[in-house]
Each structure stands twice: as structure tokens, then as C-alpha cells.
Amino acid sequence: MAALSEEQTLLKEQAKAWARDEAPVAKFREMRDSGNERGFDKGTWAAIGEMGWAGIVIPEAYGGVDLGFLTMGVVLEELGRQLTASPLLASGLVGASALVLGGDEAQKQAWLPRIAEGSAVVTLAVDEGPRHAPLRTGLAAEKTAGGFRLRGRKGHVLEGVAADAFVVAARTGGAPGDASGISLFLVEGDARGLGRQRLATADSRGYANLRFEGVELPRAALLGVEDEGGRLLDAILDRGRAGLGAEMLGVAAQSFDMTLDYLKNRVQFGSVIGGFQALGHRAAGLFTEMEMARSCVEAALQALDAGSEDAAPLCSLSKAKAGDFLHHMSNELIQMHGGIGMTDEFDAGLYLKRARALEATFGNQAFHRDRYATLLGI
Amino acid sequence: MAETDPALEAFRAEARAWLEESFPPSLAGRAAALMGGESIAAAETDAIEWARRLGARGWGTPTWPAEYGGGGLSQLAAQVLNQELDRIGAFNPLIRTTGMGITMVGPTLLEYGSEEQKQRHIPKICRGEVFWALGYSEPNAGSDLASLQTRAEDRGDHWVVNGQKTWTSGADIADWCGVLVRTDPDAPKRDGISFLMIDMHQPGIETRPIRLIGGASPFCETFFNDARTPKDELLGPLNGGWTVGKRLLQHERQSQTGATSGMGGGRRRSIRDVAKEYVGVDAEGRLADADLRARLTDHLMSARAHALTIARVTAEARGNHQVGAAASILKNAASTVAQQRAELLIELLGHQGLGWDGEGYADHELEAVRGWLTGKAMSIYGGSFEIQNNIIAKNILGLPETTQRG
């Protein structure tokens with residue numbers, strides 16, 4: 001464990017200031033109200049690309065800056081504070097990790113530089129049912145003379161509206177539930193037979209359902225090893241989960257700050273309500289939870305940077321602990337603000353909606369408790 | 001953890017070599033058995049000899065200044081020493097055999113004591129020759145400690161102390177006691193308190209052990225009837241005892257954060273193994289009771305989060321060991337996690353988790369029951385869970401004070 005490096009501290013300050021000034025919650029609200037179907041503001045994403053953040057986990061040889069996962073986490077946390085909507089996590093972290101970990105030279109050359117500069121959005125299409133269940137992958141990849149043919153569906157794909165390409169988990173063998181027989185494919189967004197349906201979610205970001213109706217792929221579209229994509233998928237997901245831990249921590253930390261501020265300013269019964277022990281103790285409890293969650297989030301990101309064998313359980317720990325804290329915090333955000341917290345005009349509702357969306361992404365707390373137990377052998 | 005420091009590695013080799021020749025192998029892994037009570041079992045000559053050697057080397061108090069008999073080690077070197085102790089199942093008995101001497105009194109004395117006081121008291125703690133108790137709580141001054149009534153009168157060259165203390169850990173076997181007394185009854189309650197050090201071996205002091213729900217306990221009631229102590233046993237300024245006493249409590253919290261090692265704590269039976277043995281597993285190796293499995297997992301995750309937080313706080317302090325506000329957070333997390341574990345443990349044991357003593361129960365089953373009961377005190381002593389929340393709310397979050405009235 002280490003405290004942040006000087007470089008990371010500087011970047012944290014930079015990201016905090018940028019998100020506050022250039023991509024604050026008000027901008028997200030504006031995007032929501034404008035009926036933007038993409039789910040993020042183009043200018044915001046372009047600025048993120050220019051600052052190099054989309055290339056944080058991409059090697060320099062492919063146009064990235066290669067600063068590692070803890071650094072990415074630092075940025076995601078700060079953007080999470082302002083609910084900044086962008087494909088940074090879906091593409092800059094998850095899509096990029098898929099290619100870095102599983103891509104061959106040609107695939108890396110083709111996509112990583114574009115992901116790094118933000119000119120292409122590559123996202124992971126994994127879940128098919130209502131709950132996160134990578135092993136339940138059932139989308140069929142049938143062998144053809146020249147490659148594969150994909151049939152099936154994917155649901156709630158992150159940044160699925162804007163994506164230029166999808167990393168698709170499909171079944172080349174076995175049955176849903178089997179660990180083997182999963183393969184990953186890189187599918188371009190304009191592939192024939194691929195349909196996408198934008199979803200209007202409570203959180204207003206760009207989710208889509210995908211239909212694969214006999215999408216023909218060349219053999220070169222395979223990412224990693226045929227039938228053995230399960231482990232690769234898990235590794236990609238873990239990078240996403242660690243990033244989500246950081247983003248969730250940011251959303252929750254901001255919710256905490258807003259609540260604490262309200263406790264110090266709202267006057268009832270002749271005094272600020274933060275002086276009431278019933279509220280002060282809840283704030284103290286939330287702060288304690290936040291500190292524990294932060295330790296888990298940082299440990300997971302550092303374990304990924306170090307290539308530690310402990311990374312998988314730590315990523316589940318991070319997702320579960322940050323998720324538990326965010327869940328609790330987002331409810332307390334509303335409750336402690338009282339009536340004002342219920343109004344759409346106030347931001348609390350936006351934080352609550354983002355909270356549940358992030359909790360459900362790549363496994364909620366229950367999923368990760370179960371996974372942690374399995375990894376520990378109990 | 002990335003880079004290794006050559007000086008530290010050299011120290012590791014030195015510590016390892018010294019432990020090799022000084023630590024009796026017969027004691028390895030037996031910290032819990034040997035240190036369950038307040039003093040090492042008299043029959044254990046090896047243990048007594050080990051305590052003597054560790055004390056003579058100053059490594060029972062590794063970071064204290066060498067001039068007073070401490071080890072003079074840096075915080076990082078002390079961590080290395082603890083790792084080396086843990087590695088061979090060794091432990092630091094002086095943490096127990098000096099009572100509150102190492103964890104609380106010593107650090108406070110080093111900060112507030114006069115040169116004479118340090119010379120008089122610190123070396124004896126380092127060598128493990130003196131057992132310290134603390135007289136803080138009173139029957140009517142628990143969480144509201146500042147309302148304490150035990151008083152000390154100035155009689156020229158000495159103080160005369162009258163009153164009653166309670167929850168005085170180890171008072172019945174203590175050599176010395178640090179006592180918070182009222183020296184100015186007319187001042188506002190926090191401003192009339194002083195910290196006195198009192199020799200327990202005198203007729204004016206009587207102790208009565210308190211039996212707790214877990215059976216025996218180290219706690220006593222302590223009665224002061226015209227007890228005496230010399231004038232120069234006042235620690236810190238006259239009527240400045242609240243500050244000194246609070247500082248000492250910060251050290252107490254620090255010792256209750258779960259961060260203290262070198263206690264051989266890593267060798268206890270894992271709760272995972274207990275779960276598998278008593279609950280059984282299904283065909284896929286999962287704990288047979290799904291509800292228990294989920295709750296056990298939740299506990300293990302909280303325990304890991306707590307351990308990671310200790311590591312993070314230590315790293316962020318850059319090895320600079322300091323008593324901070326973080327101690328309140330860590331203490332509450334530590335007591336929550338420990339109590340959660342104890343409850344789970346007896347639940348896992350089923351009927352075997354109901355024993356009190358005698359036939360039909362294994363030693364570890366009985367220990368689980370006693371530990372479960374005794375552990376309820378963790379969220380009460382050293383400033384209760386609620387008092388810690390007051391401290392967090394006020395000192396860290398900057399919320400208004402709620403307990404200053406009166």
C-alpha cells in the first residue's frame with residue numbers, strides 16, 4: 001500500500017478542478033434534459049481525449065500514456081464526484097484492457113491508438129439476462145468457412161449507443177454456465193446483422209441492447225484464444241470492476257460532502273441539525289465506512305498495477321465495499337436532506353440513480369460477495 | 001512494499017540472528033496460552049527468561065529512546081522486528097506484563113514527563129519490571145469522564161488522595177497507577193483535573209476484582225483512603241490533567257485499532273476452517289449453509305477492509321507513527337469486526353458454542369465462548385463506540401460539540 005505519488009496527486013487535483021469547472025453535475029443534467037441519445041456530451045469526451053486520460057492504461061507504443069490503474073482510478077473517482085458522463089470507463093479502461101490483454105498485434109494497432117485519443121469507443125458486451133452472469137454467456141458463435149457467425153442478444157451494454165466496436169462474449173463450446181467454451185470477438189458497430197436499441201435508463205447514460213442476427217465475422221475478429229476466453233473475460237471485467245469501485249467511491253464521497261455541508265448549515269429547532277447526535281453519529285458511521293471502502297478501492301487498483309495474484313479477490317472486495325457504502329450513502333443523502341432531497345431540481349436524485357446503475361454494472365454486491373467466497377474457497 | 005531498503009534488510013538479519021539465539025523455541029506460537037492472564041505463569045521459566053532478555057535488549061519497547069532503555073528503532077525497523085517475531089511464532093510479553101505501561105503510560109510519560117520522571121519510570125517499563133494500572137473511570141464518571149470526583153489535596157511535599165475508581169485493569173497486581181484526580185473542585189469540570197502517578201503498594205489503597213459476564217476479568221474497583229504520593233509524581237501541569245489524560249486515551253485507542261502486532265495473533269485457528277469443520281460443505285466445496293456463508297463472507301470482507309485501512313493509514317503517515325483522529329475510526333471498525341467474528345464463531349460452533357467449562361467441550365470451543373462474552377467490552381472501554389462517534393463527528397467532520405454542557 002502506498003499513498004498517492006506526486007504525479008497522481010497532481011492529476012487528482014487537475015481532474016477535480018476540470019470536472020468541477022468543465023463537466024459538473026449541471027452539465028450532466030443539461031445533457032439529460034436535452035434529449036441527447038448518446039448518453040454523454042461530445043465536447044466533454046473530446047476534452048478527456050485531449051487530456052490523454054483515455055490512454056492512461058494503454059502502453060505508449062499504442063498511443064497511450066501507460067500510467068496504470070491507480071492513476072485511472074484517481075481520475076474516475078474525481079469524475080464520479082460530478083457524475084461526469086463519458087465513455088472513459090467503458091472504453092478507456094474496459095475496452096482498452098480487452099485489447100491490451102487479449103488483442104493480437106493487428107487488433108492493437110487498429111484500435112488502441114484510437115481509443116487513447118478518444119476517437120473510437122470500444123465497449124464490452126457481456127450480459128444477456130437481467131443480472132450480471134458472465135458464465136451464463138449463451139450468444140452463439142457458430143464456425144463458418146471463413147470465421148464465425150454470431151446469433152443472440154446482449155443487454156444493457158455500457159455506452160452501447162455510441163460504441164464503434166464491441167468486445168462480445170460468445171459461446172463457441174459448452175453450455176451456458178460452463179467456464180470453458182467462451183470466446184471473445186471484436187465486432188464493429190456497423191457490422192451487418194447487428195442491431196442496437198437505445199435504452200432510456202433512470203441514469204440517462206448511453207445503454208443499449210444488441211441483437212446479433214447472423215453477424216458474419218472473419219477469423220481475425222477472435223480476441224484471444226478460442227474456447228478459453230473465460231479467464232480473459234474475467235481479467236477484463238476485474239479491471240472494469242476496480243475502475244467502477246473508484247467511480248462509485250467518487251459518487252459516494254461527493255454525496256457525503258453534500259450531506260455534511262447540509263448538516264452544518266440547515267437550522268431547525270434553533271440550531272444546525274449536525275449538532276443532533278442522531279445525525280452526527282450517522283455521519284460518523286458513514287465516514288468510517290467511506291475510509292474502509294477507500295482502502296479496498298486503492299488496494300484493488302494497486303494489485304492490478306503490481307500484477308498481484310491477489311487482484312481478483314481484491315477487485316471483488318472493492319466492488320462490494322464501495323457498492324455497499326454507495327448504496328447506504330445515496331439513501332442517506334436523500335433522507336438527511338429531507339424534502340429538498342426529493343426534488344428533481346436538487347442533485348440528490350441524480351446521485352441516487354447513478355449509484356444503482358454503477359452497483360449493478362459488472363456484478364452487484366451480492367455477486368461479489370459470492371465470488372469473494374468462492375475465490376477464498378468457502 | 002515495492003522497494004527494499006538495504007539498511008532495513010541489514011536490521012532484519014540482525015533481528016533474526018538475535019531472535020535465533022534468544023527466543024526459546026518451546027514458546028513458539030504459545031502467546032495466547034501464556035499471556036491469557038495478566039502475568040506469565042510462574043512455572044514457565046522459559047517465558048520469564050524470554051521476557052527478561054527482550055527487556056534487556058530494549059526491544060519490548062522498540063521505538064522508545066535508547067537513553068531510557070528503549071530500542072531506539074525507527075517505526076519501519078520496529079515493523080521489521082514485529083514481522084520477525086511473527087515469523088517464528090515469537091511475541092512480546094512485556095506488552096502484557098507491564099500492564100498499561102507500554103501501550104499508554106510510557107508514551108504519555110515520554111511526552112509530558114520531566115527528565116527526572118522519565119529517568120525514574122521509563123527504564124523499569126522497558127525492562128518489564130513494573131506493572132502499571134490506570135485509574136480513570138469512576139462509578140459516576142464513565143463516558144462523561146470529566147465529571148470525576150476522586151480528589152487530591154496538596155499537603156506540602158505530597159498529595160493525599162481519596163475516592164473510588166472502577167474498571168481499573170490489573171489494579172490488584174499493579175505496582176503503580178496513573179490516576180486522574182480533581183485538584184481544583186471550583187474550576188469548570190475539565191479544568192480542575194490533574195494526572196498523578198501513585199505507588200500501589202501502600203495501606204491507603206484497596207482493590208476488589210470485578211467478575212464479568214465472561215467469568216474472571218482483569219478489572220477491579222480501587223479505593224483510595226488517604227493514599228499518598230510525592231509531589232513530583234504529578235505528570236504534566238497542575239490542573240492540566242484533562243489534556244494529559246486525553247492524550248493517554250489517544251494512545252489507548254491506538255492500541256485498540258487492531259494495528260498492534262508482535263502478539264502472535266496471526267496463529268489462531270482460522271474461522272474459515274472452523275466453518276468448514278462444523279457446518280460442512282456441499283458437493284462444490286461451498287459452505288453448506290448459504291445464509292451463514294454469505295454472512296461469514298461479509299465478515300471476512302470487513303476484516304480485510306479494516307486490515308487494508310490500517311495499512312493505508314500507516315503508509316499515508318509515511319512510517320511516521322502518530323496518534324491521529326484515524327484511531328477513532330479504526331477502533332470502531334476493530335471492535336465491530338471482532339464482535340462480528342466472535343458472534344459468528346459461536347454460531348458456527350452450534351451447541352458446542354454454548355459451553356462454559358468442563359467435559360464435552362474442546363479448549364478452543366470454550367475459548368470462543370469466553371472470548372465472545374469478554375469481547376463485548378471492546379465497544380465500551382477506551383471510550384465507547386458512541387464516544388468515538390462523538391470524536392469523529394466533532395474532530396474530523398467539524399460538526400458542533402454535543403457533549404460539552406456542564
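Predicted model: local features only at pLDDT ≥ 70, side-chain atom pairs only at ≥ 80, totals over all residues.
Welcome! Residues are numbered from 1 along each chain as its sequence is written, and chains are lettered from A and ligands numbered from 1 in the order in which they are written.

- Most residues other than glycine have a negative phi.
- B:W167 has a positive phi near 60 degrees, and its place is in strand β3 (residues 158-169) of chain B.
- A:E159 has a positive phi as well, near 55 degrees.
- A:E159 sits in the loop between β3 and β4 (165-171) of chain A, and A:E159 is buried, with 29 other C-beta atoms within 10 Å.

**Chain A as a whole**

- Chain A has twelve helices and ten strands (DSSP runs numbered from the N terminus, H or I of at least four residues for helices and E of at least two for strands).
- The radius of gyration of chain A is 21 Å, which agrees with the value near 21 Å for a compact globule of 378 residues (taken over C-alpha atoms, the rule being 2.2 Å times the number of residues to the power 0.38).
- Along the principal axes, the C-alpha atoms of chain A fill a box of roughly 80 × 50 × 40 Å.
- Of the 378 residues in chain A, 55% are buried.

**Strands around β7 of chain A**

- Strands β3 (residues 147-157) and β7 (residues 207-218) of chain A pair in the antiparallel sense over nine bridges (pairing takes at least two DSSP bridges).
- Within β7(A), A:P218 is the bridge partner of A:G147.
- Strand β6 (residues 194-199) of chain A also runs antiparallel to β7(A), joined by six bridges; here A:R196 is partnered by A:L210.

**Where chain A touches chain B**

- In all, 32 residues of chain A are in contact with 32 residues of chain B (contact means C-beta atoms, placed from the backbone, within 7 Å).
- On the side of chain A that touches chain B, α7 (229-265), α8 (277-306), α9 (311-337) and α12 (365-376) each supply at least two residues.
- The largest share of that side, 14 residues, comes from α8(A).

Definitions and conventions:
Contact = placed C-beta atoms within 7 Å. Buried ≥ 20, exposed ≤ 12 C-beta atoms within 10 Å, placed from the backbone.
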